[in-house]
Amino acid sequence: MCTVSFLPNRHGFYLAMNRDEKRDRFAALPPEIVEFENHRVLFPREPTGGTWISANDAGVCLALINWHRIKRESNNGVRSRGEVIRKLAGISTSNEISTAVKKLPLRKLRPFRLIAIVPREKRVIEWRWNLQRLAIRNHEWRRQHWFSSGFDEPRAEVERAKVCASFVAGGGDPGKGETSQRRARTGVNAAGYSVKWLRQLHRSHAPKRGPFSICMHRPDAMTVSYTEVGVSKKGATMRYKTGPCCSNGRIINRTISLTRSL
């Protein structure tokens, strides 16, 4: 279960991700800089090495979410989807990523959705694997959101999309009962889809704190981390917070310089 948001701006973009997992899952390791053959890459990781989000020194960002609408299981053994981004994180163009995705051991991977942000090409690309077919979708270079939920994915998509729309219309969290005057001051025109707006969105408990809120809370699962990547003309910074977004979890920042200015 996850929520991913893409937020472009005049200097670059932000990519934010709430990672939702079972409460008894092993804690992940904070982001570090890893040297690949051709690029330096930032990503947090599981103790086993897999990851769900990355940013490299070409400004390319990747995020992977499970696709729970597809209920079928692979009949060819199972490999961890955490391997996907590890294999792709050091690539700098959309064509190279597309080629590499097709070379993954797809028949051994459960369904997933992979999002790639390629700033030098101004491309937002999504690959969808449903155990039978790999499909590709091209999105516009504008604000985008993706949602995943193992609890009830169709409903989670509807509920969270409504919250995102409410934030766009008013700039505030509808779950906090703000006045229309307050919303007018902090609305999208005033905030300009700022990073502060993005963080407020990912902390939201609307329509109520529970399985469908973006900052997710269930008896057996919750938002376990928040990862935010900011890519500007010359660098990429990854901001990682442990625990749910509404908590006072530790925040770690890591930055890499881009090999070439955007």
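Where does lysine 122 lie? Lysine 122 lies in the loop between strand 7 and strand 8, one element of a predicted model that holds an open sheet of seven strands and an open sheet of six strands. Local features of this predicted model need pLDDT of at least 70, side-chain atom pairs count only at pLDDT 80 or more, and totals for chains, interfaces and linings use all residues. Residues are numbered from 1 along each chain as its sequence is written, and side-chain values use heavy atoms, with hydrogens and water left out.

**Seven-stranded sheet**

- The strand order is 3-4-5-6-7-8-9, with antiparallel pairing; strands (E, at least two residues) and helices (H or I, at least four) are DSSP runs numbered from the N terminus, and two strands pair if DSSP finds at least two bridges between them.
- Strand 3 (29-35) and strand 9 (134-139) each have a single partner strand, so one side of each is left without a neighbour in the sheet.
- From one strand to the next, the twist averages 15 degrees; axes are lines fitted to C-alpha atoms, for helices over the stretch in contact, and angles run from 0 to 180 degrees between N-to-C directions.
- Strand 5 (residues 53-56) and strand 6 (residues 61-66) run antiparallel and are joined by three bridges.
- Serine 54 has leucine 62 of strand 6 opposite to it.
- Helix 2 (residues 94-102) packs on this sheet, touching strand 6, strand 7 (112-118), strand 8 (123-129) and strand 9; contact means heavy atoms within 4.5 Å.
- The direction of helix 2 makes about 5 degrees with that of strand 8.

- Strand 10 (144-148) and strand 13 (251-257) are the edge strands, each pairing on one side only.
- Neighbouring strands are turned against each other by 10 degrees on average, direction ignored.
- Seven bridges connect strand 12 (residues 235-242) with strand 13 in the antiparallel sense.
- Glycine 235 has serine 257 of strand 13 as its bridge partner.
- Helix 3 (residues 153-170) lies across strand 1 (2-9), strand 2 (12-22) and strand 10, and runs at about 150 degrees to strand 10.

**Backbone exceptions in loops**

- Most residues other than glycine have a negative phi, and most peptide bonds are trans.
- Lysine 122 has a positive phi, near 50 degrees.
- Lysine 122 counts as exposed because its relative accessibility is 51%; exposed means over 50% relative accessible area, buried under 20%, and partly exposed in between (1.4 Å probe, protein chains only).
- Leucine 131, in the loop between strand 8 and strand 9, has a positive phi of about 85 degrees.
- At 12% relative accessibility, leucine 131 counts as buried.
- Alanine 206 and proline 207 are joined by a cis peptide bond with omega of about 0 degrees.
- Proline 207 belongs to the loop between helix 6 (195-202) and strand 11 (221-231).

**Arginine 128**

- Arginine 128 lies in strand 8 and is buried, with a relative accessible area of 14%.
- Its side chain makes a polar contact of 2.6 Å with the side chain of glutamate 126; such a contact is a pair of N or O atoms within 3.5 Å, where within protein one must be able to donate a hydrogen and the other to accept it, and residues adjacent in sequence count only if both atoms are side-chain atoms.
- Not counting residues up to four places away in sequence, arginine 128 touches Trp67, Phe112, Arg113, Arg133, Leu134, Ala135 and Arg137.
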